Amino acid sequence: MSSLTMGNRFGQNTSVQSSSNRPNTLTSGHRACQGCGEGLAARCAIDAAFTAAKGKIAVVNATGCLEVVSCSFPDNSWNVPWIHSLFGNTAAVASGVAAAFKNKGQTDVRVIAQGGDGGTTDIGMGCLSGMFDRNDDVLYICYDNQAYMNTGVQRSSATPALARTATTMPNSQYNGSDPETGKNVPDIAMAHGIPYVAVASVGNIHDLERKVAKAINIRGAKYIQIHCPCPLGWGFPTAETIRIARLALKSGMYPLFEAENGVLVGSTPIEDQIPVEEYLRVQKRFAHLFGKNAMPEDIGILQKIANRNIEKYRLGGM
Amino acid sequence: MLYQLEGSQAVARAIALCRPEVVCAYPITPQTHIVEGVGELVRSGQLENCQYLNVESEMAAISVAIGSEAAGVRSYTATSSQGLLYMMEAVYNASGLELPIVMTLGNRAIGAPLNIWNDHTDAMSARDAGWLMMFAENNQEAADLHIQAFKIAETVKCPIMVCMDGFILTHAYEKVDLPEQSEVDEFLPPYEPAFALNPKNPCAIGAMVPTTEFMEVRYLAHLRQLEAKTVIEKVGREFSARFKRNSGGLIRTYHTEGAETIIVAMGSVLGSIKDTVDDLNRASGCNKYGVMSVVSYRPFPDEQIREALRNAKRVIVVEKAFALGHGGILSREIELALKGLDIEIITVIAGLGGRVITKTMLSEVFQKPKDKLIFLGLREDVIRQEYKTVLDERRV
Amino acid sequence: MSKPFATVVEPKTSLNNKTGSWRTVRPEYVHRLPPCNVTCPAGENIQQWLSLAQEGKFFEAWQEMVKNNPFPATMGRVCYHTCEKVCNRGQYDGSVNINLIERSIGDMAIAKGWSFEKSNAHSDKKVLIVGSGPSGLTAAYFLKKFGYNVDLFESHKYLGGMMRYGVPKYRLPRHVLDAEIKRIQDSGVNIICNKKVENLKDELVNYDAVYLAIGASVASSVNIDVESKAIVMSAIDLFQKMEDDSNDLPNLGKSVVVYGGGNTAIDAARTALRLGAEDVKIVYRRTINNMPAHETEIQDALSEGIEILCLRTISSINGKKVILDKMDYDEENGILSRSGKNEMIVADSVIFAIGQAVECSFLQGIEGISVSEKGLIDVDNCMMTGLKGVFAGGDAILGKRTVTHAIGYGKKAAKCIDAFLQGRDYVPNSKNEVANFKKLNTEYYKKDERKEVSRLGNLDFEEKDVSYSNNEIIQEAMRCFSCGNCFHCDNCYSYCPDNAIIKHEDGTLEINYDYCKGCGICASECPCGAIKMTV
């Protein structure tokens, strides 16, 4: 009855996901962990793309959690043409797929590349940048769970400041991931001047679907980064995935925005901003910020990041 | 039709005759003239219906080809040396996915030390990558092998690397007979993939495969390579019949009948070797020396080699790469092919990093090989000086 | 051509991998009780009729209302809507205006002449109901529905009991009350007015069961020294006089003092204003926060200019002088004591509204029926008196005295009588767990303020028309959280990472335990708490 739910019996502002006819491009039987944000995000995104492209899509998948859980012989969860090549070459493979379809005169087949943050922001960065540079007709979707989850939660360049990972374990000398490190790939994508860049979240599926549908109909290179909480890697109960994503949005830790040709054109305003503490406290990867040896200024560092996001991406309203 | 062409241009035109639909390239010396050539043919419209992508690295180049081939179109790329190593992860991947990509390898040394000149170290690094590998002796064969390569690869469902020596072939002008488009079209039918990304008939390509099936997947790939021997021979025969010249096949022999010593080699050095052998035979008045060229290095035609060499007393393998700390690579494989036969095998490592190979040097080593393992033209004074230093500085 | 072995796989083969085996906890769709329904004294399924109203199905919504309460239009006016007090939305952005929706739909039913569904039940057994107040009429309505022959005796000239004699017209216009009573009458209840039961024993012979819904219509006596030139009367007498003789309204003078703190006191004070008084004071012994009257009633009274003198009792009335004792009240311990200070105010009339008692002298001497010290009829859990077949309810027994409670008693009495006549034990419906605020995920409810309408009208006996338009009914009903019951928002279906929820063509949902890994996202993201994780 409220337009904020995924569907409703009045059929107003319903999501693709709420439709009984949704394509289920990523079907049951996949091996993602309980409460996996990435698996959910992938189905939402690819279903939205599939719907927008009237079923004509091809998907290229980087090595990583999503790949191993969705397609491991003999179990393939995908219901779309799908290829997995390697960890770092996904964008380039997709460029090749797009070139092939273009040459066959089948530009109605929309090409999607997808991978985790490690496969995108680190090892796949070169190929991604090349794809952007050539403005290849590919939508690249990065499922950002902010560390290398498939290999056991090691730090990536998308790991947030101060977060604990297996390679940034806090101790008396160190305090999680160094706050002076990290890389903002949406900004980097924007700097390429590609037609469309967006940031989405499983905490806002309506927005996610809209952005994917919009991107799929744009010619040229597109980049969408989706925040996907990981219960195992971040340390929270499996039922809380969506809630954690929502807290990230509300605190400003994950700004939702979209940009066209390198220019910010829209952002999802935060209605009631919450202190970052509310987002951090519920995750074990930030537990050291609240423990006995916690430094009070640590939370301030993250609050500053959130505030900067709010200002930079105009989350207070455009 | 006969042309006076740079090797790279000849290959570029041969590629264009094969109507690839996606060509991607990242420049590396000495491969550059080939991809420049194909690019020009695409831009000028001589190669129609082809997407030409300038990519940002060799990893991207091979990956684009993986993508386009998986989407069901004939794809081509080229590289050399460091470039091959940079794309190596995807080189293995392409064969694992059974994608019949054709790639030219303009053979070059691998650094450090940086060196842009020819040897076969790059090719040897990919010998177990699951690709078919063929070595061109001259520019005519380089052009011909590419035309055959698409047919072989697409038949066997395995990518193929056509190796041609950097500079020595890529940058050398020779007479090359290039067929007409219609003739190539008759020889090489349009590509029909066994599987492809297709929204109407979706499948997943590149599944993770568990321990219970992995060995079978690898063994099946091995069987395909073995089967490729038949295909390579057949395609070679077909090519010869249609174009009236011998190119390709698994091996080629030159005056091996009755020869006591047979020289084995791959690539452009065969020209000098044949000249040398001709001189020696002419001088001795008998057919004491013969030559066998390995055209198909992968699959390795061990039976054919054994047959060709079985009556020799001595086999001298001249190769442009070697396994450090061990010795010859090709010679080791020849030795295995000849196992049980009473044949002396001499390994001659030659031409590393473009080191000149003269007929005089070859003549000398063919007649009086001083050792089982010879480094042709090695500057021993330098080694003596430098090796002494090494010994002096050694602590253990 | 054959596809490569193992590395190329057909689509959807993972359906063979039944990941349900991973599950350690399982989600289940449940029905939890919404607080509004739990607290409704009449036991209405408020949530259900709000849901129908959302769809614009007003007739169906009304039918749902009258499943439990035959007086929607009346209740939409006089019910103190505890439902709204406990409405979970109250903790969010304002409770749903349930009462006004009920009134609006109730009025629509009257305007459109909707009638009760004909009951096919039939029994030869006869039931007598004594009293036509909300409890009696409701019992009659249900017993008729159950198929019994129902006679209802009313001692007054008019029907309705306290709905008529206890609620002023400006709050409940008589045409509304009459229409709703007539609907019950039309359903086949045999009603006889001006008939007082003098001898219950005589009547028992003719009936298989009797329901005593005699109410509490006698003003409680007070021990105050009155030597007065002022008019001194009870509120109940005032109301009765105004009903039975509406052409001759009493003149209470300019200044009126009302004594008491309940809803009747408020009604009396506001009635006094409407009868022309200019200075109306309510005298109440405790603080304003302790007044039993409903908060909105107090507010309305204050808005109309009525003064409330708290912490005072009337000690004596002498002429027009009313002497007040000032009181001390120990809020913590609830101890009230005289402060020893006095105050004098002047009044033309003093109206007592300090409670009503049950007139049950006619029950004296009937074996089995006992009356408590407080003058209330004793009943057991099934509302039966000590005399088999004789039941009692409403204001005449121990319990809360509101019209809504009376309706609830009427319904329960009907069910108990039905059980008795069938020779069964009355078993109340088992109650599900309550869907309290903590069980909700309010993230999915858009902030949307309650559409408030002030019911405060002119200082006359006309009711202000405040009913919602059809569109407003829908909009306000849409605010319902549907606490504890699925409203088909599809969150569970949409969010399940494993597609383990099946959405059928008709929109119903089913958990596919073949694949459900038990992550619990469906339960967490269910806005209304209709999914429970169980071990």
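Into which domains is chain B divided? Chain B consists of domain 1 (2-243) and domain 2 (251-381), with bounds that come from an automatic or database domain assignment. The structure is a predicted model, in which local features need pLDDT of at least 70, side-chain atom pairs count only at pLDDT 80 or more, and totals for chains, interfaces and linings use all residues. Residues are numbered from 1 along each chain as its sequence is written, while chains are lettered from A and ligands numbered from 1 in the order in which they are written.

The C-alpha centres of domain 1 and domain 2 of chain B are 27 Å apart. Between these domains, 27 residues of domain 1 of chain B are in contact with 21 residues of domain 2 of chain B, contact being counted where the C-beta atoms of two residues, placed from the backbone, lie within 7 Å. On the domain 1 side, at least two residues each are supplied by α6 (121-125), β6 (132-135), β7 (160-165) and α9 (211-243) of chain B; helices (H or I, at least four residues) and strands (E, at least two) are DSSP runs, numbered from the N terminus. The largest share of this side, five residues, belongs to α9(B). By class, the domain 1 side has 15 nonpolar, seven polar and five charged residues. Here Ala, Val, Leu, Ile, Met, Phe, Trp, Tyr, Cys and Pro count as nonpolar, Asp, Glu, Lys and Arg as charged, and the others, Gly among them, as polar.

Chain B also touches chain A: 37 residues of chain B are in contact with 40 residues of chain A. The elements giving two or more residues to the chain B side are β3 (51-54), α3 (58-70), α5 (88-96) and β9 (204-205) of chain B. Of these, α3(B) gives the most, with nine residues. The chain B side has 23 nonpolar, ten polar and four charged residues. Strand β4 (residues 82-84) of chain A pairs with β9(B) in the parallel sense over two bridges, pairing being assigned if DSSP finds at least two bridges between two strands. In this pairing, I83(A) stands opposite I205(B).

Chain C has an open sheet of five strands in the order β5-β4-β3-β6-β18, with parallel pairing. Because β5 (190-192) and β18 (390-392) of chain C each have a single partner strand, they stand at the edges, and one side of each is left without a neighbour in the sheet. Within the sheet, β3 (residues 126-130) and β6 (residues 209-212) of chain C pair in the parallel sense over four bridges, and V127(C) stands opposite A209(C) in β6(C).
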